[in-house]
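Let's go through the charged pairs and the nonpolar packing here, checking each label against its cut-off.

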Amino acid sequence: MSNAQIEIQLIASLVAIACAIPGTFLVLRKMALITDAISHSILPGIVIGFFITHDLSSPLLIIMAAASGVLTVVLVEFIQKTGLVKEDTAIGLVFPALFSIGIILIAKNANDVHLDIDAVLLGELAFAPFDRLILGGMDIGPKSLWIIGTILLITLGLLVTFFKELKVSTFDAGLASALGLSPVVMHYGLMTVSSITTVGAFDAVGAILVIALMIAPAATAYLLTNDLKKMLLLAILFGVGSAISGYWVAHGLDASISGSMTTVLGLLFLLVYLFAPNKGLFSVLYRQKRQRIEVSLLTFLLHLGNHSDDETERHVKHLNEHINWQKVKARSVLDLALKNNMIIIDNDIVFLTQKGKIFTSEAIDYIITNKNSEIENMKDRFFLFRG
C-alpha cells in the first residue's frame with residue numbers, strides 16, 4: 001500500500017468521524033435535510049472570502065463559509081416561522097438561491113476560473129495527497145488532513161464540553177430552558193460546527209459525500225440503538241468502515257472514490273433498514289403480524305368468556321363459520337391460545353382455563369377503564385409465547 005493510498009483513507013476516515021458527530025444530533029433533531037442546504041449554500045461565503053483575500057488557503061474562507069451556512073439556517077427558520085410554508089419547502093427555497101448567488105459571483109468576477117461540477121459535487125479524494133502543506137521547507141502532509149484533523153479536534157472538544165447541554169436541548173428544549181440552558185445557543189452552535197465541518201471536507205470529498213457521511217452513518221446507527229453515546233460510536237464506526245471499504249471498492253472497480261464510498265454507505269443503511277432487530281423492516285412486519293394474531297386471540301378469549309354457556313358459540317368450527325376467520329388464521333389463534341394455556345379443547349368444544357379466565361377478566365377491566373395501552377404489559381405477564 002502506497003503513502004498516497006494511506007493518506008486518502010486517513011483523510012476519508014477523519015472526515016467520516018468529523019461528520020458523524022454533528023450528523024448524529026442533526027438526525028435526532030429531524031434536521032437531516034439542512035446538511036444538503038449547508039453543503040451548497042456555503043459557496044457564496046467561499047467566493048466572498050476569496051475575493052477579500054485572493055488566497056484559497058486562507059482561514060477566512062472557512063469563516064465566511066461557516067457564516068454562510070449559519071445564514072442558511074437563519075433564513076430557513078425565518079421563512080418556516082411565518083407559518084406559510086414547511087421546513088422542507090423553506091430549505092428548497094433558500095439553498096438554491098444562495099448557491100446561485102455563488103455561481104453568479106464566480107461568473108461575473110472570476111469568469112476565467114473553471115468550475116468543475118464533478119469536483120464540487122463528488123470531490124476527488126485521489127488528488128488530496130498532492131495538495132501538500134509546506135512549513136519551513138518541510139512537507140508535513142496533505143492540507144486536507146491537517147484541516148479536517150483540526151476541525152475534528154475542535155468538534156471533539158466541544159462535544160465533551162457541552163455533551164449534557166446538547167443532549168438535553170436535543171431531546172427536550174423546554175427542560176433545557178427550565179434548567180437555564182439556551183436551546184437557541186446550542187442550536188446555532190451545532191449549525192456552526194456543521195457548517196465548518198462541511199467547509200473543511202468540501203474541497204477534499206465534495207458535497208455529495210459530505211451529506212452522505214453526515215447523515216447515513218447516524219441514520220443507520222439510529223435504527224440500532226436509542227442510547228446517544230452508542231449511537232455516536234456506531235455512527236463513527238459505520239462512517240469510517242464505509243469510507244475505507246468504499247475506497248477499496250473504487251480501487252477494484254477503477255471508479256469514483258467518493259461515489260463508491262457513498263454507495264457503500266447506502267448499501268449499509270439498506271441492510272440495517274431491512275434487518276435491524278427492533279426497527280428493521282422485517283422486524284416491524286413480523287411484529288405487526290404478531291400483534292394482529294394477539295389481538296385476534298384477545299377477541300376470541302373475550303368471545304369465549306361471553307358465551308360460557310353456549311357450546312355452539314365455542315365450537316372450533318365456529319371460528320370459520322360465524323366469525324369468518326380463514327382456517328390458517330383460526331389455527332394460528334387456537335395454537336397460540338393452547339401454547340399459553342389459555343384454553344383447552346374437548347370434543348371440538350373450546351373451554352377457558354383458569355389462566356384464560358384471569359387474563360380475560362383483566363383485559364375487560366383495562367378496556368372498560370380506557371387503558372388499552374396496558375394490555376401490552378399484561379400480555380408480557382401472561383404470555384409464554386408470542387404470536
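Q: Why is Arg331 called partly exposed?
A: Because its relative accessibility is 42%, and partly exposed is the band between buried (under 20% relative accessible area) and exposed (over 50%), using a 1.4 Å probe and protein chains only. Asp335, at 31%, counts as partly exposed too. Keep in mind that this is a predicted model: local features need pLDDT of at least 70, side-chain atom pairs count only at pLDDT 80 or more, and totals for chains, interfaces and linings use all residues. Residues are numbered from 1 along each chain as its sequence is written, and side-chain values use heavy atoms, with hydrogens and water left out.

Q: What makes Asp335 and Arg331 a salt bridge?
A: The N to O distance between their side chains is 3.2 Å, and a salt bridge asks for a side-chain nitrogen of Lys or Arg within 4 Å of a carboxyl oxygen of Asp or Glu, so the pair qualifies. Both residues sit in helix α15 (residues 327-339), 4 residues apart, about one turn of the helix. Helices here are DSSP runs of H or I with at least four residues, numbered from the N terminus.

Q: How many salt bridges turn up in the whole structure?
A: The search finds 3. Among them is the pair Arg290 and Glu294, at 3.6 Å, N to O. These two also lie 4 residues apart, in helix α13 (residues 281-306).

Q: How do you know whether Arg290 and Glu294 are buried or exposed?
A: Arg290 has a relative accessible area of 18%, so it is buried. Glu294 is at 0%, so it counts as buried as well.

Q: Which residue does Glu294 meet in helix α17?
A: Lys379, through a salt bridge of 3.3 Å, N to O. Glu294 is in helix α13 and Lys379 in helix α17 (residues 374-382), so the pair ties together parts that are 85 residues apart in sequence. Lys379 is buried, like Glu294. Arg290, Glu294 and Lys379 are linked in a network of salt bridges.

Q: What makes a set of residues a nonpolar core?
A: Its members are buried Ala, Val, Leu, Ile, Met, Phe, Trp, Tyr and Cys residues joined through side-chain atoms within 4.5 Å. The largest such core has 68 residues, and those with the most contacts inside it include Val15, Leu125 and Met261. Helix α10 (residues 183-222) gives the largest share of this core, 18 residues. A second, separate core of 25 residues includes Leu301, Leu334, Ile343 and Leu352.
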